[in-house]
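This report describes one structure in plain terms.

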Amino acid sequence: MPSLPKRKVGIVACSGEELPAGTVTRLAALKALEDLRPSETVTICLPLFLAGGEGDRAFARFYPTIAVDGCEKRCAARATELYSNKPAASIVVDDILAQHNLPAPQGLRRLTPESGAVVDALAGAIAAEVDHLMAVRWSRTDGAILEAAPAAQEAVSTSACACGSGIPVTTVQIAGRAVQIMALEPILELAYNQGLRANGTGALPDEILQTVQVYNTVPSGEEEQYAQALDLAWRAYCEQREGQNHG
Amino acid sequence: MSKRVIIVPCSGIGKTYGTVTREAAYQVAEELRPETTAIVPLSLLVLGDEGARAAVQGAQVITMDGCSLACATLNVRQAGGAVAKDFTVLDAFRRNKALKPRGISELNEGGQALARVLADEIAQTTDELIAGGVDHA
C-alpha cells in the first residue's frame, strides 16, 4: 500500500473583496503559507469547493484546516463545513483586533500601512494554530483532533497529489493503464474503522466506491473496472491491517 | 435589471493569475467605472449568501477567472446568475505576452499592467452592457 504524506494544515481564507478585513485574511494567509509555516501548510481555494475542486474537498475532508474569515458571516468556515468537513480551527479578524487592541483595518485594494499590524497579528495567530494542529493527534477517519498528546512520527514518505493539495494518491491499474485515485487510502481507512471488511466472498462495499466518486471522476461506463481495481486495493488494505492487528 | 454591472473575480489565493483578477476588478470598480459597476465577493456566492445571490441574479455579470477551472463563472451560474461576459487572465496574457505577471501578495509591474489591460476591456464591456450592446455569453 502507498504510504501517507506528512500531515499538513490547509488554510482557507475568505479573501472577500468588499471588506478591508477580507484583504487582511488573504495577505495573512499568504504570509503564513509563504513565510511563517511554508513546510506545514497548503492553501485551499474556497471557490473551488463549489466549482468542483476534488482535491481541495478531499483535503479538507481528511486533514485539518484553518478557516480565516474577515467578518462574522464566516464564509470560509461555513463553506468548508458545508462542502467538506468542519474546520479544525476558525479565526475571525475581529477577534484578533480585540485580542491585540488593534484598530480596524483600512483600505481594500491597498491596505493602509497601519493595517500591516493586523496582517502580522493574524498571520501569527494562524501560525500558532498550525503549530497546535501539528502537535496533536489527528484522526483522518473522524476529521477531528483525537487528543492533545504529541503525534507519533509519521513512519512514511509522501505520495501526494500533483495538484499540491497534499492529498495522498494511490495508483491502480484499470483496463491496463495506471490511474491515480485521490484519497483512496484515507477512504479505505475510514471504511475499515467503520467495521467494514473484505470477507473473501462479498463484493466491494458500495460505500467505498461511492466515497471514491466524491473525490474522483469515474468515467461513465468504467464503473465496473474501477470497482474491480478498488476491490483489489481494499482486500490488500484489509490484509495489511489484520496483519498489524495480529502482529 | 440593476443599473450596475456586477464584477466577480475569482481572486484565487494561490496563484498570481488570481491576484490579477482581483486587481483588475478593483481597477474597474474603484477607478474606471465606479458609478456603473460593483464587485460581488466570490466567497459569499460559494456560501450561498442570499444578498450575493440576489445581486448576481438581478444584474448583468462579468466574471474574471485565473485558471481553467473557471470558479468565478461556474459559481455565478450555479447561483442563478447570467454571465454576460467571462474573461480569463490567460487569454489576456496570450494577447499581451510582454506583460508577464509575478507575485501573489504584490503583483510585479507586468502583472499590474496586465490587470490594467483586463480592466480596460471590462470597462468597455461594461459600457456596452449598459448600452444594451452585448448578448449574454
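A residue is buried if 20 or more other C-beta atoms lie within 10 Å of its own, exposed if 12 or fewer, and partly exposed in between. Arg7(A) has 17 C-beta neighbours inside 10 Å, and therefore counts as partly exposed. The model is predicted.

Arg7(A) sits in the segment before strand E1 (9–13) of chain A. In sequence, Arg7(A) and Leu133(A) are 126 residues apart, yet their C-alpha atoms are 9.6 Å apart in space.

**Chain A as a whole**

Chain A has nine helices and eight strands. Of its 247 residues, 45% count as buried. Among the contacts in chain A between residues at least 6 apart in sequence, 65% join residues at least 24 apart.

**A pair of helices**

Two packed helices are described by the angle between their axes and the distance between the axes. In chain A, the axes of helix H5 (residues 93–100) and helix H6 (residues 116–135) cross at roughly 105 degrees and come within 10 Å. H5(A) is therefore roughly perpendicular to H6(A). The table lists the residues that make the contact.

| Helix | Residues in the contact |
|---|---|
| H5(A) | Val93(A), Ile96(A), Leu97(A), His100(A) |
| H6(A) | Val118(A), Ala121(A), Leu122(A), Ala125(A) |

By class, the contact of H5(A) with H6(A) has seven nonpolar residues, one polar residue and no charged residues.

Leu122(A), one of the residues that H6(A) brings to this contact, also has other partners. Neighbours within four places in sequence aside, Leu122(A) is in contact with Val24(A), Ala28(A), Ile91(A), Val93(A) and Ile96(A).

**The nonpolar core**

The largest nonpolar core holds 114 residues, and Leu122(A) is among those that touch the most other members, together with Ile11(A), Val68(A), Ile126(A) and Leu118(B). In chain A, domain 1 (9–147) and domain 2 (169–246) each give at least three residues to this core.

**Where the chains meet**

How many residues does each chain bring to the contact? Chain A brings 27 residues and chain B brings 26 residues. On the side of chain B that touches chain A, helix H1 (16–32), helix H2 (42–47) and helix H4 (71–78) of chain B each supply at least two residues. The residues on that side of chain B divide into 16 nonpolar, seven polar and three charged.

Technical notes
Residues are numbered from 1 along each chain as its sequence is written. Chains are lettered from A and ligands numbered from 1 in the order in which they are written. This is a predicted model: local features need pLDDT of at least 70, side-chain atom pairs count only at pLDDT 80 or more; totals for chains, interfaces and linings use all residues. Two residues are in contact if their C-beta atoms, placed from the backbone, lie within 7 Å. Helices (H or I, at least four residues) and strands (E, at least two) are DSSP runs, numbered from the N terminus. Ala, Val, Leu, Ile, Met, Phe, Trp, Tyr, Cys and Pro count as nonpolar, Asp, Glu, Lys and Arg as charged, and the others, Gly among them, as polar. A nonpolar core is a set of buried Ala, Val, Leu, Ile, Met, Phe, Trp, Tyr and Cys residues joined through C-beta atoms within 7 Å. Domain bounds come from an automatic or database domain assignment. Axes are lines fitted to C-alpha atoms, for helices over the stretch in contact, and angles run from 0 to 180 degrees between N-to-C directions. Angles under 35 degrees count as roughly parallel, over 145 as roughly antiparallel, 65 to 115 as roughly perpendicular and the rest as oblique.
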